[in-house]
Amino acid sequence: MSHKIVNLRVRDVRFPTSLEQHGSDAMHTDPDYSAAYVVLDTDSGLKGFGLTFTLGKGTEIVLCAVKALAGLVIGKSLQEIVSNFRGFYRLLTSDGQMRWLGPEKGVIHLATAAVLNAVWDLWARAEGKIVSCIDFRYITDVLTEEEALDILVKAQEGKKQREDQMLKEGYPAYTTSCAWLGYSDQQLKQLCSDALKSGWTRFKVKVGADLEDDIRRCRLIRKMIGPSSTLMIDANQRWDVAEAISWVSRLAEVKPLWIEEPTSPDDILGHAAISKALAPLGIGVATGEQCHNRVMFKQFLQASALQFVQIDSCRLGSVNENLAVLLMAYKFQVPVCPHAGGVGLCELVQHLILFDYICVSADLRNRMCEYVDHLHEHFTSPVVIQDAHYMPPKDPGYSCEMLEESVNRHEYPEGDIWKQEIKK
């Protein structure tokens with residue numbers, strides 16, 4: 001069956017997480033976790049669901065971009081798309097007029113991710129097979145198609161054992177939910193205590209607003225989790241380069257594994273300078289959640305500007321572009337630790353990181369996937385965490401279908417939740 005796409009619907013879904021400071025950090029103090037939520041309808045009745053993540057205001061702009069892409073999708077069959085998925089990816093990212101809005105970055109790329117995520121979900125539900133989906137344009141100086149194929153072929157050895165291992169043990173995760181910047185000390189202590197009882201051993205702390213307060217909070221968390229647990233810190237692009245080096249050096253006493261997003265996400269050489277300065281302290285640099293595309297990741301890797309690659313399932317051009325980054329990271333031997341701090345991101349990225357371990361890296365050293373304990377109840381196939389590990393999803397698809405009741409209640413501005421908030 002061809003599964004011809006006959007309609008594309010997109011909705012503005014927002015959750016008022018700012019009311020309780022969920023997701024708060026040094027740069028984004030009042031986020032309302034939101035999504036541009038896409039549904040693809042086909043003539044066979046099969047549907048594909050996809051989304052891209054936003055923080056509230058501006059989601060309506062992403063919706064406009066998705067609608068602008070709709071004409072490139074409607075009328076195409078799933079078979080037509082997956083038989084030349086690379087060509088379809090390039091169709092969306094290289095339209096002669098819309099490309100000017102990027103290219104392959106910003107709002108138009110967020111919209112591309114939402115559409116492609118829905119296509120991948122549709123394909124997975126139809127249980128098809130894909131031949132070639134990665135666009136190697138602009139990255140062949142570090143990774144050719146032949147090299148990528150060689151990596152995948154070599155990873156076939158031990159693949160079945162790794163599949164069995166993941167089904168039994170799951171993929172290691174870390175939690176960010178204990179230490180959002182807006183949380184009180186009492187809330188922080190309670191959440192850390194609960195997490196430790198649930199088996200969590202890897203924790204991330206938001207920093208960057210006030211140095212003395214960061215030192216106090218990080219000391220508090222390190223004392224609670226003990227010396228054997230892993231601690232990471234995240235500044236969310238707060239500092240200039242010199243400031244980042246100075247600030248993180250003051251936090252070295254709590255022995256963080258990495259500093260995440262220490263400066264502008266576009267400053268590749270700045271990240272390289274920070275990486276070089278912090279290396280003697282044993283602190284790595286992690287970034288990628290706002291890295292625009294595979295070309296930027298290529299340059300980060302070439303410049304030794306990061307020690308941990310943080311792919312994002314909705315920032316890059318969906319699975320297609322993330323696969324290119326996974327393969328480049330493997331070639332440079334830099335571990336991948338995905339970003340998943342947002343609505344639906346955990347549901348999406350679990351597929352990518354399982355693929356990375358089973359089919360690419362075959363390595364769990366210094367590798368873990370972010371987990372935040374918010375909003376999973378709104379999905380038909382929410383992530384399953386067991387003993388601080390992601391358990392492989394069992395339902396077909398890309399795990400991003402939302403409950404219709406949740407979408408209706410949280411659609412902005414007509415949903416019941418927002419009608420109540422607006423009245424206040």
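**Reading a predicted model, feature by feature**

Trainee: Is Cys218 buried or exposed?

Mentor: Cys218 has 0% relative accessibility, so it counts as buried. Buried means under 20% relative accessible area, exposed over 50%, and partly exposed in between, with a 1.4 Å probe and protein chains only. The model is predicted, so local features need pLDDT of at least 70 and side-chain atom pairs pLDDT 80 or more, while totals for chains, interfaces and linings use all residues. Residues are numbered from 1 along each chain as its sequence is written, and side-chain values use heavy atoms, leaving out hydrogens and water.

Trainee: How many disulfides does a search of the whole structure find?

Mentor: A disulfide is a pair of cysteine sulfur atoms within 2.5 Å. The search finds zero. For Cys218, the closest cysteine sulfur belongs to Cys192, and at 11 Å it is too far for a bond. Cys359 is in no disulfide either, as the nearest cysteine sulfur, in Cys133, is 12 Å away. Cys359 has 12% relative accessibility, so it counts as buried.

Trainee: How many aromatic pairs are there?

Mentor: Rings of Phe, Tyr and Trp (its six-membered ring) pair if their centres lie within 6.5 Å; planes under 30 degrees apart are stacked, over 60 edge-to-face, the rest tilted. The count by this rule is twelve. In one of the pairs, the ring centres of Tyr33 and Phe53 are 5.0 Å apart and the planes stand at 90°, so this pair is edge-to-face.

Trainee: Where in the chain are Tyr33 and Phe53?

Mentor: Helices (H or I, at least four residues) and strands (E, at least two) are DSSP runs, numbered from the N terminus. Tyr33 is in the loop between β1 (5–14) and β2 (34–42), and Phe53 is in strand β3 (residues 47–54); the pair links distant parts of the chain, 20 residues apart. Tyr33 is buried, with 3% relative accessibility, and Phe53 is buried at 15%. Tyr371 and Tyr390 also form an edge-to-face pair, at 6.1 Å centre to centre and 85° between the planes. Tyr371 lies in strand β10 (residues 369–371) and Tyr390 in strand β12 (residues 389–391), so this pair ties together parts 19 residues apart in sequence. Both tyrosines, Tyr371 and Tyr390, are buried.

Trainee: Which residues have the most contacts inside the largest nonpolar core?

Mentor: A nonpolar core is a set of buried Ala, Val, Leu, Ile, Met, Phe, Trp, Tyr and Cys residues joined through side-chain atoms within 4.5 Å. The largest one here has 133 residues, and those with the most contacts inside it are Leu8, Val66, Phe85, Val207, Ile259, Val309 and Tyr390. Another core, of seven residues, lies apart from it; among its members are Tyr174, Trp258, Ala286 and Phe308. Phe85 also forms one aromatic cluster with Phe88, Trp120 and Trp123.

Trainee: Which peptide bond has omega near -15°?

Mentor: The bond from Gly102 to Pro103, which is cis. Pro103 is in the loop between α3 (85–93) and α4 (106–126). The bond from Tyr412 to Pro413 is cis as well, with omega near 0°.
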